[in-house]
Amino acid sequence: MNIPVEKLLDLYTMLSRIRRVELKIEELYHLDEMKTPIHSSLGEEAVSVGVCSNLQKEDYIFSNHRSHGHYLAKGGNLKAMIAELYCKETGCSRGRGGSMHLIDTSVGHMGSSSIVGGSIPHAVGAALASVMQNKNLVAVSFFGDAASEQGVFFESMSWAALRKLPVVFICENNFYSVCSHLTARQPNIDIYKRPRAFDIPSELVDGMNLAEVCEKAQKAIEHARSGQGPYFLECRVQRWRGHAGSGDPNKEKYRKPEDLDETNVRDPLKEFKEILFAGGVTESDLTQIDQKLDAEIQDAFECAQNDPLPNPEDLEKHLFC
Ligand SMILES: Cc1ncc(C[n+]2csc(CCOP(=O)(O)OP(=O)(O)O)c2C)c(N)n1
Ligand SMILES: [Mg+2]
């Protein structure tokens, strides 16, 4: 792998940042002060990091309900994200949206949507706007395997391919839609083969391997930016936690036996550390990074806890009905 050490450290910092933020959310969630459902990206962090590290700040991303990793990896403001989970006025959606409605347009994060598949047509529309406005920007849609069952998935791919739009589809396939395994929902689990019916190039990606995600995302984004049209990556990942909330209380009831076998569980952070160590980075380099991250995260939570709630008189402001 030909990634310079500085870039490797940047990648590690973002990977560890997302991991630590998710663990902190999980640690405090039971206090019921965060008045929002949460969908943890623990185990799936490498996809957000690998894709967003290849994007320009102005490029667009559209996210789904499992949103924290996408928002942070695109450079979204951490304090505003945590305040949003606490439904505070200082939150990125002024406390009205919660975890599934994060947004930071200053860094090209155009919003997450709780509607399964919602990020797909939005990204295609942004890609069309980029072409019409001669902006040369790429739009990325992050969505899960269940979104590939929506009609809009096919309609959007057809239109994007026809118009050769600069959009990259990132399917994060964790094999579950809530508690239903992919094999119980689709006759052929190779989601990456479907875009080929529209002549969209696609690849299967080991989404637990950050280096591989980086390499394939770079190729996909360059393809889209150079005017060759859409690209599709199916990133296979492991969802460590339950569908929503913290922990996985229903684990034994719905998980496939191989999921419950601890020897099958992979850790993208641990695997990436091996690459760093091989490149000459030391454990103490990483400890220094992690300590800074912990201080920043602690500060973000303290601010969010102390920030004001929205004024009840503003109840009907900033709403679109
Ligand atoms: C249009 C629509 N249908 C159903 C739901 C309910 N729902 C919320 S999340 C989810 C599963 C999504 O699974 P997937 O897209 O694979 O993402 P993951 O949760 O695995 O990351 C469902 C069915 C919804 N939010 N929107
Ligand atoms: Mg899924």
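Colleague: At what angle do helix 4 and helix 11 pack, and how far apart are their axes?

Modeller: Two packed helices are described by the angle between their axes and the distance between the axes. In this predicted model, helix 4 (residues 78-85) and helix 11 (residues 283-306) pack at about 45°, and their axes lie 8 Å apart. Axes are lines fitted to C-alpha atoms, for helices over the stretch in contact, with angles running from 0 to 180 degrees between N-to-C directions. Helices (H or I, at least four residues) and strands (E, at least two) are DSSP runs numbered from the N terminus. Helix 4 and helix 11 are therefore oblique to each other; under 35 degrees counts as roughly parallel, over 145 as roughly antiparallel, 65 to 115 as roughly perpendicular, and the rest as oblique.

As to the numbering and the cut-offs, residues are numbered from 1 along each chain as its sequence is written, while chains are lettered from A and ligands numbered from 1 in the order in which they are written. Local features need pLDDT of at least 70 and side-chain atom pairs count only at pLDDT 80 or more, whereas totals for chains, interfaces and linings use all residues.

Colleague: Is the crossing of helix 4 and helix 11 left-handed or right-handed?

Modeller: The crossing of helix 4 and helix 11 is right-handed; a crossing is right-handed if the near helix is turned clockwise from the far one by less than a right angle, and left-handed if anticlockwise. From helix 4, Leu 78, Lys 79, Ile 82 and Ala 83 meet Glu 296, Ala 300, Phe 301, Cys 303 and Ala 304 of helix 11, where contact requires C-beta atoms, placed from the backbone, within 7 Å. Seven of these contact residues are nonpolar, none is polar and two are charged. Ala, Val, Leu, Ile, Met, Phe, Trp, Tyr, Cys and Pro count as nonpolar, Asp, Glu, Lys and Arg as charged, and the others, Gly among them, as polar.

Colleague: How do helix 1 and helix 11 pack?

Modeller: Helix 1 (residues 5-29) packs with helix 11 at about 45°, the axes being 10 Å apart. Helix 1 and helix 11 are therefore oblique to each other, and their crossing is right-handed. The residues that meet include Tyr 12, Arg 17 and Lys 24 in helix 1, and Asp 290, Asp 294 and Phe 301 in helix 11. By class, this contact of helix 1 with helix 11 comprises seven nonpolar, two polar and five charged residues.

Colleague: How many residues of helix 2 are buried?

Modeller: Eight of the eight residues of helix 2 (residues 45-52) are buried, so this helix is largely enclosed by the rest of the structure. A residue is buried if 20 or more other C-beta atoms, placed from the backbone, lie within 10 Å of its own, exposed if 12 or fewer, and partly exposed in between. Helix 2 packs with helix 7 at about 35°, with axes 8 Å apart, and the crossing is right-handed. Ala 46, Val 47, Val 49, Gly 50 and Val 51 of helix 2 meet Leu 210, Val 213, Cys 214 and Ala 217 of helix 7. That contact of helix 2 with helix 7 has eight nonpolar residues, one polar and no charged.

Colleague: Which residues is Cys 214 in contact with, leaving aside its neighbours within four places in sequence?

Modeller: With those neighbours left aside, Cys 214 is in contact with Gly 50, Ser 53 and Asn 54. Cys 214 belongs to helix 7 (residues 210-225) and counts as buried because it has 21 C-beta neighbours inside 10 Å.

Colleague: Is Asp 104 buried or exposed?

Modeller: Asp 104 is buried, since 20 other C-beta atoms lie within 10 Å. Asp 104 sits in the loop between helix 4 and strand 2 (109-112). Its contacts beyond four places in sequence include Tyr 71, Asn 77 and His 109.

Colleague: What is phi of Lys 164?

Modeller: Phi of Lys 164 is near 50°, a positive value in a residue other than glycine. Lys 164 is in the loop between helix 6 (151-162) and strand 4 (167-173) and is partly exposed, because it has 14 C-beta neighbours inside 10 Å. Val 178 likewise has a positive phi, near 55°. With 10 C-beta neighbours inside 10 Å, Val 178 counts as exposed.

Colleague: Which residues come nearest to ligand 1?

Modeller: Of the 15 residues around ligand 1, Arg 66, Val 116, Gly 144, Ala 146 and Ser 177 come nearest; a residue is near a molecule or strand if its C-beta atom, placed from the backbone, lies within 6 Å of it. The shell around ligand 1 has six nonpolar, seven polar and two charged residues.

Methods: Contact = placed C-beta atoms within 7 Å.
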